Amino acid sequence: MWQALRAELHPKGVEIVTVALDTGGADAARPFIEAASPEHPSLIDQAHVSDELFGFVNVPMAVWIDEEGTLVRPAYAAHVQHSPLRDSPIPDDLEGPLRDLLTEVKKIRTNVDDHLAALRDWAEHGSASRFALSPDEVVARSQPRSRDQARAAACFELGQHLWRTGDRDAAVPWFREAHRLDPNNWTYKRQAWTFATTPDGQPSDLMQGPTDLYEGNWLDDVRRLGAENYYPLEDFSA
Amino acid sequence: MLLSSLDITPADLAERAGWELKPEGACKGELCVPLAGDARASAAALAERLGMPVVHDEIHRLWAVGPSTAAGRALETAVVPELVLPDLDGNELALSSLRGQRVVLAAWASW
């Protein structure tokens with residue numbers, strides 16, 4: 001997804017670094033990375049440390065970092081390609097949960113063209129780009145963090161540790177607590193849901209349907225929020 | 001941050017969380033949080049002062065210390081923290097090694 005953009009931006013001094021928020025690790029991420037054949041660093045974040053560090057609450061999201069190691073854009077929904085799934089009509093004969101899922105997916109808003117234009121502007125103009133924010137603006141516009149959200153991060157950290165060290169039953173209550181404390185964090189939810197709905201050894205399940213383990217699931221939670229609100233979008237139109 | 005014991009020094013806790021203990025307080029970037037005596041004497045008190053929740057898993061004897069809520073935001077500073085992560089082959093890359101280039105750090109997932 002990012003490799004094509006990298007080819008365009010790297011000659012202008014912008015490197016792409018992708019980070020897979022995958023507690024399932026290299027096994028989960030490998031098929032996608034190998035299919036992309038990236039020239040840029042493609043890192044694996046099993047413990048979801050970058051969620052906490054940067055305020056990633058869903059994927060795809062991104063931050064911009066300048067040459068001095070200063071953030072010039074805090075975490076935002078980062079769509080870089082149009083989705084055939086979103087753009088194509090739903091087949092008439094498709095029924096059931098998949099139809100319901102696609103109906104919601106098609107309502108999700110993205111801003112690919114404005115986003116790409118902003119990235120290109122920053123690649124061209126660097127700190128002079130109108131899209132490069134001051135340090136104070138970066139901090140002020142970063143994700144809010146309440147005490148409950150911070151506690152959710154700690155609970156999720158326990159959950160992912162227990163999952164990775166083989167105590168999956170013990171991980172579930174910590175994932176549930178993280179969801180309860182930070183219901184707007186889709187990363188914590190989707191990671192846990194996928195584990196529950198993906199058979200061992202299979203590619204990560206994308207439907208993330210209802211299970212006995214968790215209160216929510218992708219379809220019901222997105223409907224409750226309103227799919228139009230699922231990706232709060234950065235305004236790159238100015 | 002995962003700990004098997006809370007018996008660490010405030011300086012250790014601060015360092016692991018990306019804060020620096022200075023005379024004016026605990027600092028990250030331009031933000032400094034003044035510290036009373038007890039917050040300098042105990043990691044638990046320092047965590048409390050910085051609004052870092054401490055969650056205890058008694059069965060597995062683990063503590064998880066959550067991120068600071070001192071700023072009420074995910075970022076206390078625009079200075080990028082160090083991040084060291086492996087690639088598919090297990091080779092680690094430090095984000096700081098890319099200093100001198102502009103970087104778009106993009107999060108994605110198999111799910």
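## A loop residue at the chain boundary

Let's start with Glu67(A), which is partly exposed because 14 other C-beta atoms lie within 10 Å, a count between the 12 or fewer of an exposed residue and the 20 or more of a buried one. Bear in mind as you read on that this is a predicted model. Glu67(A) sits in the loop between strand 3 (61-65) and strand 4 (71-77) of chain A.

Which residues does Glu67(A) touch, leaving out those up to four places away in sequence? They are Arg99(B), Gly100(B), Gln101(B) and Arg102(B). Looking along its own chain instead, Glu67(A) and Leu213(A) are 146 residues apart, and their C-alpha atoms are separated by 45 Å.

## Chain B on its own

Chain B has 3 helices and 9 strands. Reading from the N terminus, its elements follow the order β-α-β-β-β-α-α-β-β-β-β-β.

Along the principal axes, the C-alpha atoms of chain B fill a box of roughly 45 × 40 × 25 Å. Of the 111 residues in chain B, 39% are buried. Among contacts in chain B with a separation of 6 or more, 38% join residues 24 or more positions apart.

## Where chain B meets chain A

Now for the two chains together: 44 residues of chain B are in contact with 70 residues of chain A. On the chain B side, strand 5 (54-57), strand 6 (62-65), strand 7 (84-86) and strand 9 each give two or more residues. The largest share, 7 residues, comes from strand 9 of chain B. By class, this side of chain B divides into 29 nonpolar, 10 polar and 5 charged residues.

## The nonpolar cores

Strand 9 of chain B turns up again here. The largest nonpolar core has 52 residues, and those touching the most other members are Val19(A), Met61(A), Ala62(A), Val104(B), Leu105(B), Ala106(B) and Ala107(B). Strand 9 (residues 102-108) of chain B gives this core its largest share, 6 residues.

Not counting residues up to four places away in sequence, Val104(B) touches Val14(A), Ile16(A), Ala62(A), Trp64(A) and Leu119(A). There is also a second, separate core of 36 residues, which includes Leu158(A), Leu46(B), Leu50(B) and Val55(B).

## Two helix pairs in chain A

How do helix 8 and helix 9 of chain A pack? The axes of helix 8 (residues 147-164) and helix 9 (residues 168-181) are 8 Å apart, at an angle of about 165°. Angles over 145 degrees count as roughly antiparallel, so helix 8 of chain A and helix 9 of chain A are roughly antiparallel to each other. Their crossing is left-handed. Among the residues making the contact are Cys155(A), Phe156(A) and Leu158(A) of helix 8 and Trp174(A), Phe175(A) and Ala178(A) of helix 9. In all, this contact has 12 nonpolar, 2 polar and 4 charged residues.

The second pair is helix 5 (residues 96-105) and helix 11 (residues 218-225) of chain A, whose axes come within 10 Å and cross at roughly 35°. This crossing, too, is left-handed. Asp100(A), Leu101(A) and Glu104(A) of helix 5 meet Leu219(A), Val222(A) and Arg223(A) of helix 11. By class, the contact has 3 nonpolar, no polar and 3 charged residues.

Terms used
Residues are numbered from 1 along each chain as its sequence is written. Chains are lettered from A and ligands numbered from 1 in the order in which they are written. This is a predicted model: local features need pLDDT of at least 70, side-chain atom pairs count only at pLDDT 80 or more; totals for chains, interfaces and linings use all residues. Axes are lines fitted to C-alpha atoms, for helices over the stretch in contact, and angles run from 0 to 180 degrees between N-to-C directions. Helices (H or I, at least four residues) and strands (E, at least two) are DSSP runs, numbered from the N terminus. Angles under 35 degrees count as roughly parallel, over 145 as roughly antiparallel, 65 to 115 as roughly perpendicular and the rest as oblique. A crossing is left-handed if the near helix is turned anticlockwise from the far one by less than a right angle, and right-handed if clockwise. Two residues are in contact if their C-beta atoms, placed from the backbone, lie within 7 Å. Ala, Val, Leu, Ile, Met, Phe, Trp, Tyr, Cys and Pro count as nonpolar, Asp, Glu, Lys and Arg as charged, and the others, Gly among them, as polar. A nonpolar core is a set of buried Ala, Val, Leu, Ile, Met, Phe, Trp, Tyr and Cys residues joined through C-beta atoms within 7 Å.
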